[in-house]
Amino acid sequence: MTMTSACRNLDTQPAANAAAARKQWSVAEAEALFEMPFMDLVFRAQQVHRENFDANAVQRSTLLSIKTGGCSEDCSYCSQSARYKTGLDRQQLMAVAEVVEKAKAAKAKGSSRFCMGAAWKGPKEREMETVLAMVREVKALGMETCVTLGMLKGDQAQQLKDAGLDYYNHNVDTAPEYYDKVITTHTLADRLDTIDQVRNAGINVCSGGIIGMGEGRSGRAGLLVQLANLERPPESVPINNLVAIPGTPLAEAEKLDPFEFVRTVAAARIMMPTSFVRLSAGREQMSDEMQALCFLAGANSIFYGERLLTTDNPEADRDEKLFARLGLRPM
């Protein structure tokens with residue numbers, strides 16, 4: 001059996017069997033991973049990675065902001081909140097044809113998954129019709145589809161499934177104990193309710209968090225425990241390194257030690273062995289050497305392209321050169 005087919009089998013095993021076979025993590029156990037000598041931790045993570053994935057293949061995804069700014073939520077890290085003066089220009093929901101052209105361009109550059117993000121607390125029904133058309137059209141290009149639209153209600157998750165959606169992104173952001181220090185306009189329970197709706201509709205879950213918001217090592221451990229101990233861990237786990245946006249409450253947040261970021265990636269790989277672990281926001285500020293360490297620690301997915309919603313992302317040419325230097329290939 002090839003590694004690719006083995007991973008496909010892992011993805012399709014019954015959820016009940018997956019839940020029965022996996023470990024339930026405590027925060028103390030996760031903290032113990034973080035406390036390991038760096039070389040030992042990365043070595044263990046690489047072993048787990050090779051047991052479940054091709055160690056030299058990385059998935060490329062493109063993220064497009066289909067509706068920018070004006071969000072009513074108060075997420076302290078977000079440039080798109082209407083509560084903060086970040087200089088961001090608001091943009092209405094894009095036309096379907098424009099999104100399809102962006103998806104075609106992303107596919108031509110090597111992306112296999114196309115993610116569409118809208119700055120909403122949750123979509124209204126009139127907006128859903130347009131988004132559903134986007135999903136159908138991008139799916140028809142032969143790409144995996146992903147959306148992040150905020151909190152869902154009613155039968156919206158089922159509508160997305162019927163349109164052909166592969167992944168729904170809804171990050172839990174941070175540890176449960178730290179959540180209300182970052183966001184107050186909704187609760188972690190609200191987020192988990194949307195994740196449950198997505199899972200019940202048969203859509204793959206993409207959920208991760210942001211580190212470097214002042215949460216400390218116990219907060220980073222708590223974030224990963226929250227994700228790993230879901231009834232079924234997310235198929236995709238984006239790890240974001242905070243981009244401190246001027247005008248937001250976290251604009252002056254202390255920069256995270258790069259080795260601590262790599263430790264978080266490694267711990268995520270060990271705790272969620274069959275999930276894709278994605279380098280997401282903050283990659284523009286990472287050196288090639290830091291990214292290489294992240295791949296060694298088990299990251300196997302990146303956002304690919306020049307923009308990540310409202311922040312810069314490494315240009316495709318830079319990624320191509322880095323992949324060539326490391327002997328990595330697209331998944």
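# Chatting through a predicted model

Me: How many salt bridges does the count come to?
Reply: The count comes to 17 salt bridges, where a salt bridge is a side-chain nitrogen of Lys or Arg within 4 Å of a carboxyl oxygen of Asp or Glu. This is a predicted model, where local features need pLDDT of at least 70, side-chain atom pairs count only at pLDDT 80 or more, and totals for chains, interfaces and linings use all residues. Residues are numbered from 1 along each chain as its sequence is written, and side-chain values use heavy atoms, with hydrogens and water left out.

Me: OK, which residue forms a salt bridge with Asp173?
Reply: That's Arg191, with the closest N and O atoms 3.6 Å apart. The pair links distant parts of the chain, 18 residues apart: Asp173 is in the loop between S4 and H8, and Arg191 is in helix H9. Helices (H or I, at least four residues) and strands (E, at least two) are DSSP runs, numbered from the N terminus.

Me: Is Asp173 buried or exposed?
Reply: Asp173 counts as buried, at 1% relative accessibility, and Arg191 is buried too, at 10%. Buried means under 20% relative accessible area, exposed over 50%, partly exposed in between (1.4 Å probe, protein chains only).

Me: And what do the buried residues of H9 pack against?
Reply: Their partners include helix H7 (156-163), strand S4 (167-169) and helix H10 (216-228). Contact means heavy atoms within 4.5 Å.

Me: Back to salt bridges. Which residue meets Glu35 in one?
Reply: Arg217, at 3.1 Å, N to O. Glu35 sits in helix H3 (residues 27-35) and Arg217 in helix H10, 182 residues apart. Glu35 is exposed at 55%, while Arg217 is partly exposed at 25%.

Me: New topic: which residues does the UniProt "binding site" annotation cover?
Reply: The unreviewed UniProt entry lists Cys115, Cys146, Cys206 and Arg278. They span 164 residues in sequence, yet no two of their C-alpha atoms are more than 13.9 Å apart, so they gather at one spot. Such annotations may be inferred rather than shown by experiment; feature names are shortened, and positions use the numbering here.

Me: Where does Cys115 sit?
Reply: In strand S2 (residues 113-118), and Cys115 is buried at 3%. Its contacts, leaving aside neighbours within four places in sequence, include Cys146 and Phe303. Cys146 lies in strand S3 (residues 144-148).

Me: What's the mean pLDDT?
Reply: It's 88, and 89% of residues reach 70 or more; pLDDT is the predictor's confidence in each residue, from 0 to 100. Over residues 1-20, though, the pLDDT is below 50.
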